[in-house]
Amino acid sequence: MALRILSLGLLLALVAADTKFVDYVRQNYEANINEELVKQIQRELIASYTYQAYSSFFGRADIALPGFKKFFSEASTEEREHAQKLIDYVNQRGGHAQFSETDVSFSFYLFLLFFPFFNLVVLTQQGFFFQICEFLRTKSSNECGPSFDGQYGLQAMEDALALERFVNQKLLDLHGLADTAGDAHLTHVLEHEFLEEQVSSIRELAGFVTRLRSFKTNYALGEYMFDQKLQ
């Protein structure tokens with residue numbers, strides 16, 4: 001009985017020492033690594049939110065592109081699964097995943113800084129927006145970026161390509177940080193469960209963009225046929 005009380009007292013002392021970490025689990029897991037993992041979780045959730053919004057946009061009666069709707073709905077689910085996988089990983093390492101408010105508009109600002117050559121995120125006097133922002137129903141049409149004759153499928157795939165490249169770069173930065181810290185387990189997880197998939201997604205989206213850009217004489221018909229293949 002005394003041993004049990006001592007063990008419980010020791011456990012409480014360990015937890016009280018740093019409420020942000022589970023010290024009897026945590027090993028070779030630095031605080032700055034935990035912080036960057038939480039930021040990556042936020043990025044995955046923002047990507048999920050953005051793709052879900054695009055899915056809703058393509059499901060509108062005046063847009064009616066069910067293939068694009070399906071594609072972005074599945075992409076949203078995938079990003080949310082990535083976030084959950086990282087949450088589980090933080091807990092596995094004895095870390096602490098505390099979330100702040102998800103600021104989507106600030107994420108657009110980051111994309112603009114990261115991809116100044118992409119012309120995908122539009123800078124206006126009101127703020128920063130993707131090419132398609134009609135899905136944000138609180139925004140008026142004059143706050144959106146310039147429309148390219150209703151080429152919404154192309155615009156969405158270009159936006160998604162920029163987003164995936166941004167997320168991939170942040171994963172690479174996190175991998176470099178983990179490597180510098182000698183965190184072999186995290187580098188292994190990132191290489192085998194995240195980076196491989198990101199590279200594949202970037203290649204797939206780049207192919208989609210190339211195909212959609214090729215529909216120059218009759219974009220609407222090309223987009224319709226492309227949408228059929230996505231279903």
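Modeller: Let's start with a term: a contact means heavy atoms within 4.5 Å. This is a predicted model, where local features need pLDDT of at least 70, side-chain atom pairs count only at pLDDT 80 or more, and totals for chains, interfaces and linings use all residues. Residues are numbered from 1 along each chain as its sequence is written, and side-chain values use heavy atoms, leaving out hydrogens and water.

Colleague: Which residues does E44 touch, not counting those up to four places away in sequence?

Modeller: Those partners are E79, H82, A83, L86 and V167. E44 itself is in helix α2 (residues 31–58); helices are DSSP runs of H or I, at least four residues, numbered from the N terminus.

Colleague: Is E44 buried or exposed?

Modeller: Buried means under 20% relative accessible area, exposed over 50%, and partly exposed in between (1.4 Å probe, protein chains only). With 0%, E44 is buried. E79, in helix α3 (residues 66–92), is buried too, at 2%.

Colleague: Which residues does the UniProt annotation "binding site" cover?

Modeller: UniProt positions are given in the numbering used here, feature names are shortened, and annotations may be inferred rather than shown by experiment. The unreviewed entry lists E44, E79, H82, E164 and Q198. They span 155 residues in sequence, yet no two of their C-alpha atoms are more than 12.7 Å apart, so they gather at one spot.

Colleague: And how should I read the confidence?

Modeller: pLDDT is the predictor's confidence in each residue, from 0 to 100. Where it is low, the predicted coordinates should not be read in detail. The chain's mean is 78, and 70% of its residues reach 70 or more. Over residues 8–18 the pLDDT is below 50.

Key: Helices (H or I, at least four residues) and strands (E, at least two) are DSSP runs, numbered from the N terminus.
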